[in-house]
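Colleague: I've got this model open on my screen and I'd like to talk it through. Can you take my questions one by one?

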Amino acid sequence: MTKPSLPELLHAAVTAVGGVERPGQVTMAEAVAEAVDDNAHLLVQAGTGTGKSLGYLVPALAHGERVVVATATLALQRQLVERDLPRTVDALHPLLRRRPEFAMLKGRSNYLCLHRLHEGVPQEEEDGLFDQFEAAAPTSKLGQDLLRMRDWADETETGDRDDLTPGVSDRAWAQVSVSSRECLGATKCAYGAECFAEAARERAKLADVVVTNHALLAIDAIEGAPVLPQHEVLIVDEAHELVSRVTGVATGELTPGQVNRAVRRAAKLVNEKAADSLQTAAETFERLMELALPGRLEELPEDLGYALMALRDAARTVISALGSTRDKSVQDEDAVRKQALAAVENIHDVAERITQGSEYDVIWYERHDRFGASLRVAPLSVSGLLREKLFAERSVVLTSATLKLGGDFNGVGASLGLAPEGTEGEDVPQWKGLDVGSPFDYPKQGILYVARHLATPGREGSRGDMMDELADLVEAAGGRTLGLFSSMRAAQAAAEELRGRFDKPILLQGEETLGELIKTFAADPETCLFGTLSLWQGVDVPGASCQLVVMDRIPFPRPDDPLMSARQKAVEEGGGNGFMAVAATHAALLMAQGAGRLVRATGDRGVVAVLDPRLANARYGSYLRASLPDFWYTTDRNQVRRSLATIDAAAKADGK
């Protein structure tokens, strides 16, 4: 029997999921197949509506080697595992004459821990164990959640937090889960044979396709101990998020609360001298943190250096002592010790990393209204790490609707550790960039309007002219507005102002869960939804409910963002343009994602309005505009009002 062709396989899969074949999807599938066959690397931009998940799944399944697919969001993981993969596998089975297996794998703390559930949680003060079910009043929300999880443990097959509906708070989940550092290990744990996390790993070892998240991919790369099974092909979807997710995993943090918890956990398990030295070091650190002012620490202050060395040395002593001391009053000593060890090791590792002061790390203080001060350390760049760990031993395909910034892939490529496309050389990963376009007719479906007449936004102060412009646009659109703001303060101010001017419902992020807000926004065309970062990327509302997307200003990183400003400075010291490489790239990615909220289906019409004249007037404006979908462009405010009114009238005539 002849081997089925890629177009045949793709046609079968698209039919099975009830989709429509797109030219861009076929081009993408062929490029992915070629990259995988040649053991090469590919960056592929596939616009909304291309059907990119089938564009990579079909050639990956046809190839027959094990594939890891890493995504940034839970929604896409779910879509792959619950919808796209089952239907695609069913459709390809008769053609491939084999049935590829697939599995989802997440970090250990995403799975219910049966040891925690049945044996209790190490108690902070006493460091014995307490039964969290006894401790939480059954009438309290926490108590109800815990009882529900105990029942769920008997019926769930996965123990995966995301399969529990409705979900529970982080606090409730913490009572029944462990981190990889706190885990006793399957061989030492009484529940090892039934462990949900171990079962997920075993399923992943047998699967042809393993779906995971960027964070686990980062842990696999950074920690050296493999978490993911061996694989020949890596596909990174939502790849525009990868650098920030890897940075997050590689960031260390110390707070007084976290240090004090570690002290309490270790106190009963070590001799008094070791416990006292850690307690003293913790108190010194806490006093210093009370005086900490937010901002980057280019050099470590002497007093902080001494405090961290004391913390590191005391933590090391406690780690050595934890192995030998036995306290008869401590129940389930292995679990208590493991949790204490995890907490103290983390303190030791972060204190050690900061005192060593690598030139490749950035150190800063942060202050949070609720949680107080924290000391943080993050890598200046993750590009070297990604180049070395990601592209060395397998074919890598990175895809997203937004990878091509300012007209090429080199900006995103550089952040991933890749030399400009076409660069030859030893140890230089070879890659190709491909833009397969979008099925949407952007110039006919959307308008990009820049309010050129407004004053340039300053760092502070109310923007009265911007508020008037926003109100006029929302009125012309008849509601139907997604407002994307550069800060929560700006979103709140705009919501307050417009609630005073209109009787149209204005929803504000934070006043309800994101899922509920989006559902309400989609259900009522007159409703507006205002918010910040997660709305720039997480809203998928096709149809008449979203016909105006407003950005209050170009979303450059804050000038006082320690990590971004350090990265910018490093590029400048290397002779590059720090502003373009860091700030403009960051803004371009966000704006491209934000503008992508407007057109989600072939019948969608509307306006993306940017209330920041710099997009039209500044030198970098053309780079940012080139990163956005190819909408019809105007700075004529009257033209835009007329267009919005026409689109609104057409939607009302259709009863929407």
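**Sheet, salt bridges and core**

Modeller: Let's start in the sheet: strand β7 (residues 233-236) and strand β12 (residues 395-400) run parallel and pair over 4 bridges. Two strands count as paired if DSSP finds at least two bridges between them. Helices (H or I, at least four residues) and strands (E, at least two) are DSSP runs, numbered from the N terminus. One caution: this is a predicted model, local features need pLDDT of at least 70, side-chain atom pairs count only at pLDDT 80 or more, and totals for chains, interfaces and linings use all residues. Residues are numbered from 1 along each chain as its sequence is written, and side-chain values use heavy atoms, with hydrogens and water left out.

Colleague: Which residue in β12 is the bridge partner of V236?

Modeller: Strands of a sheet pair through backbone hydrogen bonds, either parallel or antiparallel. Here β7 and β12 pair in the parallel sense. Across from V236, the partner in β12 is L398.

Colleague: And which are the edge strands of the sheet?

Modeller: The open sheet has 7 strands, in the order β3-β6-β2-β7-β12-β1-β13, with parallel pairing. An edge strand pairs on one side only, and here those are β3 (102-104) and β13 (431-435).

Colleague: At about what angle does helix α4 run to β6?

Modeller: Axes are lines fitted to C-alpha atoms, for helices over the stretch in contact, and angles run from 0 to 180 degrees between N-to-C directions. Contact means heavy atoms within 4.5 Å. Helix α4 (residues 74-96) lies across β2 (67-71), β3 and β6 (209-213), and its angle to β6 is about 165°.

Colleague: On to charges. Is E469, which forms a salt bridge with R641, buried or exposed?

Modeller: A salt bridge here is a side-chain nitrogen of Lys or Arg within 4 Å of a carboxyl oxygen of Asp or Glu, and E469 and R641 have their closest N and O atoms 3.5 Å apart. The pair links distant parts of the chain, with E469 in helix α19 (residues 464-477) and R641 in helix α27 (residues 637-653), 172 residues apart. The cut-offs are under 20% relative accessible area for buried, over 50% for exposed and partly exposed in between (1.4 Å probe, protein chains only). R641 has 17% and counts as buried; E469, at 2%, is also buried.

Colleague: Which residues are linked with D313 in a network of salt bridges?

Modeller: D313 bridges R316, with the closest N and O atoms 3.8 Å apart. Both sit in helix α14 (residues 302-322), 3 residues apart, about one turn of the helix. The network links D313 with R312, R316 and E352.

Colleague: What about the core: which residues have the most contacts inside it?

Modeller: A nonpolar core is a set of buried Ala, Val, Leu, Ile, Met, Phe, Trp, Tyr and Cys residues joined through side-chain atoms within 4.5 Å. The largest one has 93 residues, and helix α24 (residues 578-595) gives the most to it, with 8 residues. The residues with the most contacts inside this core are L416 and L624.

Colleague: Last one: which residue does a cis peptide bond join to T165?

Modeller: Look in the loop between α7 (141-155) and α8 (170-174). Omega of the cis bond is about -10°, and the residue joined to T165 is P166.
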